[in-house]
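Thanks for coming, everyone. Let me put the model up, and then I'll walk you through it.

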Amino acid sequence: MDRSGILIGLFFVVGLGYVGYQTFAAPNPAGHSMTPPDLSDIEAGAPIANVSVPETFSEAALVGQNIFNLKCAVCHGENAAGQNGVAPPLVHVTYEPNHHSDMAFVLAARNGVRAHHWDFGNMPAIEGLTEGDVKLVATYVRELQRENGIF
């Protein structure tokens, strides 16, 4: 076997080892399970998360809050606390910046989202929002998250 064959074989062995580790041995970060949480003790339509609101918001977050209240709160609830049976809380470790970037919020609003963390069905695309609008909403959500210990 020549040198390139050995390198290719080594590449595949390392890759398979990495996939095996991620699948079977790597720790699963708290809150990032693909198994939806049990919400049976929460009344339908009730908030899912208990959200602490900061005393003050940045100017960008205040604009984002207004946009959120007009376009997002109908499903995601007041202060992004979610609504049982409707939509998940965005003030939740699942949506922390290291797991769902601000661009994930933009893409979700633009394209909709196939249900994958929660059992509320698919999220449709949201009409009438620019990328800038959604980034302001993300700023609002991030400030709520930080107030609630989600970084």
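Start with Phe57. This residue is buried, at a relative accessible area of 15%. Buried here means under 20% relative accessible area, exposed means over 50%, and partly exposed is in between, with a 1.4 Å probe and protein chains only.

A word on the source. This is a predicted model, where local features need pLDDT of at least 70, side-chain atom pairs count only at pLDDT 80 or more, and totals for chains, interfaces and linings use all residues. Residues are numbered from 1 along each chain as its sequence is written, and side-chain values use heavy atoms, with hydrogens and water left out.

Now the overall layout. The protein chain has 5 helices and 0 strands. Along the sequence that reads α-α-α-α-α. Helices (H or I, at least four residues) and strands (E, at least two) are DSSP runs, numbered from the N terminus. The protein chain has 151 residues, and 32% of them count as buried. Take contacts between residues at least 6 apart in sequence: 69% join residues at least 24 apart. Contact means heavy atoms within 4.5 Å.

Back to the aromatics. How many aromatic pairs does a search of the whole structure find? The search finds 3. Phe57 and Tyr140 form one, and this pair is tilted, with 5.4 Å centre to centre and 50 degrees between the planes. The rule is this: rings of Phe, Tyr and Trp (its six-membered ring) pair if their centres lie within 6.5 Å; planes under 30 degrees apart count as stacked, over 60 as edge-to-face and the rest as tilted.

Where do the partners sit? Phe57 lies in the loop between helix H1 (3–25) and helix H2 (59–71), and Tyr140 lies in helix H5 (residues 131–147), so the pair ties together parts that are 83 residues apart in sequence. Tyr140 is buried, with a relative accessible area of 0%.

Another pair is Trp118 with Phe120. That one is stacked, at 5.9 Å centre to centre and 10 degrees between the planes. Trp118 is buried at 8% relative accessible area. Phe120 counts as buried too, at 19%. There is also an aromatic cluster, made of Phe57, Phe68 and Tyr140.

Asp38 is in the loop between H1 and H2. Buried or exposed, which is Asp38? Exposed, with a relative accessible area of 61%.

Next, helix H2. Its 13 residues should span 18 Å at 1.5 Å a residue, and the end C-alpha atoms are 19 Å apart, which agrees. The expected span is 1.5 Å times one less than the number of residues. Buried in H2 are Ala61, Gly64, Gln65, Ile67 and Phe68. These buried residues pack against H3 and H5.

On to helix H5. H5 has 17 residues and reaches 24 Å from first C-alpha to last, close to the 24 Å expected. Its buried residues include Val134, Val137, Tyr140, Arg142 and Glu143. They pack against H2 and H4. After H5 comes Gly149, with a positive phi near 75 degrees.

That brings us to backbone angles. Most residues other than glycine have a negative phi. Which way do Asn79 and Ala80 go? Asn79 has a positive phi, near 55 degrees. Ala80 also has a positive phi, about 60 degrees. Asn79 is in the loop between helix H3 (73–76) and helix H4 (102–111), and Ala80 is found in the loop between H3 and H4. Asn79 is buried at 16% relative accessible area, and Ala80 is buried at 0%.

Last item, the largest pocket. Its lining has 32 residues, and His76, Leu90, Ala108, Val113 and Met123 lie nearest the centre. A pocket, on a 1 Å grid over the protein atoms alone, is an open set of points where a 1.4 Å probe fits, with protein on both sides within 12 Å along at least five of seven lines; lining residues have an atom within 4 Å of a point. H2, H3, H4 and H5 each give two or more residues to the lining. H4 gives the largest share, 5 residues.

That's the tour. Over to you.
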